[in-house]
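Okay, thanks for making time, everyone. Let me put the structure up, and then I'll walk through a few spots in it.

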Amino acid sequence: MAQCKNDGNSIKIEGGRPLHGSVRIQSSKNATLPIMAACLLIPGKSTLKACPDITDVAYMSRLLECAGAGVEISPAPTGIDISITAGNITNCRLPSRYVKAMRSSVILMGALLGRVGEAYVDYPGGCVIGERPIDLHLSGLEKLGAQIWIEGNRIHAYADELKGACINFPFPSVGATQNIILAAVTAKGTTVIKNAAREPEVTVLCEFLNKAGADITLPESFWTEGRLIINGTPLSRLCATDFDMIPDRIVTGTYMFATMAAGGSIKLENVPIEQLYSVWAIITKMGGSITYDDEKKTLAVSAPEKGRLKNIEFIETDVYPGFPTDLQSQLMAAAAIARGELTIKESIFSSRFKIAEELRRMGADIRTDGNTAIINGVAALTGRNVIAHELRGGAALAIAGLAASGITTISDISYINRGYQDIVGDLRCLGAKISYE
Ligand code: EPZ
């Protein structure tokens, strides 16, 4: 099992110190989890290198072990290496405890159907950020020939044989696209997904599966209309493979907004720059400056040297490559102390403004109405005891704490540990006065 670097229950921050220094970005949570699930399709031993050492990865490891896979974890220079051997998958009934603990468990349905033709799982859990139905996952799997029964909170999926089909998503859901890919890799014939999600966490899953012997094509039309083609490959042709995990674009963006809010100038190593143009554009408009060293793969980010951060007028979260919903709270924390007014429209999830109440307790001027938040920047925030209600909102409270005067204590940090390997260690490397309590 992966171990997190801390066992404290809260984070204490003494704010008001600009950030300086450099830090290496951890690997991506949302890329690692589906690739771990994909290993269920591969009988040999695959090693996923430099995975993030976070709670969700530990839960996924447990789920794979419960299915019958062998999981070995060893320390890596950053994070952990995970070797997964799925020689004998003996159990398709996954335990509620881990399934309910995270959203990503739902994609084990596709992997188990592809591997053994059957899956019993609970409705998945995950951060409470609004309605999170799985209708697109279920209807896609049915199109591939799975029969699905809902028994209370439990889902039972079964297929004698999965067959390729044309699946046209009404919305490009990241998880549903990954689930269908996992089920279709070993299905008979060709599957075409239309309006597939184009997030890097989808393309990297295809890259991993192709390296293992799958036949997935991303034609030009993938980038314009999300058309993705999967030619079914017999299970016996999938081979174990080693894979280097990609860096986390959301952790990178979190530290970029932290610098905007706290002030200062930092360097981030191991940055997926090509995934961050929407964030780069906003930070520049807010008065920050960014340079990228292509050779060293290092991003330098500086807050405005003189005067206050400026608010842009309006931003709407969108699917990739638009501005990510997973950075909306971090932007809100920085905007809370910028000059002027920002309106945020949250277009992906229906309830992702829980942080607003906590920021108001720190002195922010934020009004929310449905999926819109209006932030009027104030001159300063004041440190308070605040509560992390979900992963990204929790990280955003750390940003607010860095910018605030006095002490901020964030409780319920288990949410933050689900996605950030060591947010305290990273921010300390950048000169913050921050500790686990
Ligand atoms: C993934 O969630 C990420 N999670 C989320 O990251 C991320 O916010 C989200 O994609 C959008 O980028 C993981 O990768 C584990 P969706 P996912 O299916 O797959 C609706 C984080 O902080 N929808 O693209 O659950 C849904 O309700 C997390 O790391 C349906 O209506 O996202 C939502 O409004 C949180 N029916 C929208 O689509 C479905 O069957 C986007 O969901 C599926 C989704």
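Let's begin with A50, which sits in strand β3, residues 45-51. Helices here (H or I, at least four residues) and strands (E, at least two) are DSSP runs, numbered from the N terminus. A50 isn't a glycine, yet its phi is positive, near 60°.

Quick housekeeping: this is a predicted model, where local features need pLDDT of at least 70 and side-chain atom pairs count only at pLDDT 80 or more, while totals for chains, interfaces and linings use all residues. Residues are numbered from 1 along each chain as its sequence is written, and side-chain values use heavy atoms, with hydrogens and water left out.

Next, the backbone has a cis peptide bond going from Y320 to P321, with omega near 5°. You'll find P321 in the loop that runs between β17 (314-316) and α11 (328-335).

Now, the ligand. Which residues come nearest to it? Out of 23 residues around the ligand (a heavy atom within 4 Å), the nearest are D135, S173, D326, I348 and R392.

Then there are the polar contacts, meaning pairs of N or O atoms within 3.5 Å; within protein, one must be able to donate a hydrogen and the other to accept it, and residues adjacent in sequence count only if both atoms are side-chain atoms. The D326 side chain puts an N or O atom 2.6 Å from a ligand oxygen. For R392, the side-chain N or O atom is 2.8 Å from an oxygen of the ligand. R352 has a polar side-chain atom 3.1 Å from a ligand oxygen. And how much of the ligand is covered? On its own it exposes 830 Å², and the protein buries 88% of that, by the Shrake-Rupley method with a 1.4 Å probe; for residues, only the protein chains shown count as cover.
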